[in-house]
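I opened this one to look at its disulfides and a sheet. My notes follow.

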Amino acid sequence: MPCTWKTSDLQLLLILTVFSVVECISARVEGPVSNSTQQMGKNNYSLALSMDGKQNDSKRLAEVNSSQPVWVDTKVVLSCDPIPESVLVTWEIHLREKPLCTKAYRTDNNMTKETNCTDKRITWAFRPDQNFNLLIDPVAITHDGYYRCLRATPDGNFHRGYNLQVLVAPEVTLFRSNNGTVVCKAVAGKPAARISWIPEGDCVPKQENWGNGTVTVWSTCQWADSNVSTVSCSVSHPTGIRNLTIELSRGAPKSDGISVPRVILFMFISLILLAIVGSMWLLKISGCRKCKLKKIESTPVEEDEMQPYASYTEKKNPLYDTIKRVKTSQVLQSEVDGTEVHTS
């Protein structure tokens, strides 16, 4: 019996040893396999990310749009980046209330073509075979729109778009109205300007849209605080910020109609003008009367003054004396001749 138990114990120990060796071998074999599987998974994930990144880059290259603000009466160049092996380059111009304008260039035969393009201010910036950019010179309000450059290549079509926004600076004014309110006005701006006040008051904003896309905005304000002596108006616009200041007259009455001091001033000026006109009229009448009296008195005096002068001329003028002597001698000679005839 003791030998039998010993034999069974040895068999059990041998079986356990075999199982231990098998487990160790399997663990060593499975370890590298799992590590290699994990590494392959990581590589595949990185490759997938790389492929997704390339696809996203291609998509961004194919669909590029940007906003392009530009001042009116300036010039702008819209770029169309060249792509190798471009076969056809086309500019599509979408203007407001106008048909689609296209400018195309084929690189294989060096030919250009235009469709519905009547605005001579929109041209190729250079020769199309050298540069695909588009030039607008000068920029007008009507050039507000969407411009897209299409490039056809063997790898696909790509485009770059521009939302062109034409900016027009408004004309800003600040003045006091007849009823005592202060008005800040921004005329014909594009886009509409924004108006703010320092200090803030009781303000009423208004705006008026024009047919060419410009907008006029104005704000009418009044201040209940009598201590406010100076107010400032700030006009914000993409073309810049304008700040204007005006002084308020203290103690000036505010009413819906014409102010009392202005009425008094108007009446005073009217009285002064009336007095001046009346004085001139009286002076004119008195002057005419004096002129008539002088003419009446001077008439006989001129006749009396002329008679001595005439007699003086007759007496003292040598020419007059000579003529008189000649006439006298002629009369005497005629008398003598007559006497001789009678005698004979």
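Which hand does the disulfide of cysteine 184 and cysteine 233 have, and why? I looked up the torsion about its S-S bond: about -55°, so the link is left-handed.

Before going on, I noted that this is a predicted model, where local features need pLDDT of at least 70, side-chain atom pairs count only at pLDDT 80 or more, and totals for chains, interfaces and linings use all residues. Residues are numbered from 1 along each chain as its sequence is written, and side-chain values use heavy atoms, with hydrogens and water left out.

**Disulfides.** I searched the whole structure and got four disulfides (pairs of cysteine sulfur atoms within 2.5 Å). In the pair I began with, S to S is 1.7 Å. Cysteine 184 has 0% relative accessibility, so I put it down as buried (under 20% relative accessible area; exposed is over 50%, partly exposed in between, with a 1.4 Å probe and protein chains only). Cysteine 233 is buried too, at 1%.

Next I checked cysteine 203 and cysteine 221, with sulfur atoms 1.8 Å apart. This link is right-handed, with 115° about the S-S bond. Cysteine 203 is partly exposed at 26%, while cysteine 221 is buried at 1%.

I then traced an open, antiparallel sheet of three strands, in the order 12-15-16. Strands are DSSP runs (E, at least two residues), numbered from the N terminus, and two of them pair if DSSP finds at least two bridges between them. Strand 15 (residues 230-237) and strand 16 share eight bridges. In that pairing, I found threonine 230 opposite glutamate 247 of strand 16.

Key:
Helix = DSSP H or I, 4+ residues; strand = E, 2+ residues; numbered from the N terminus.
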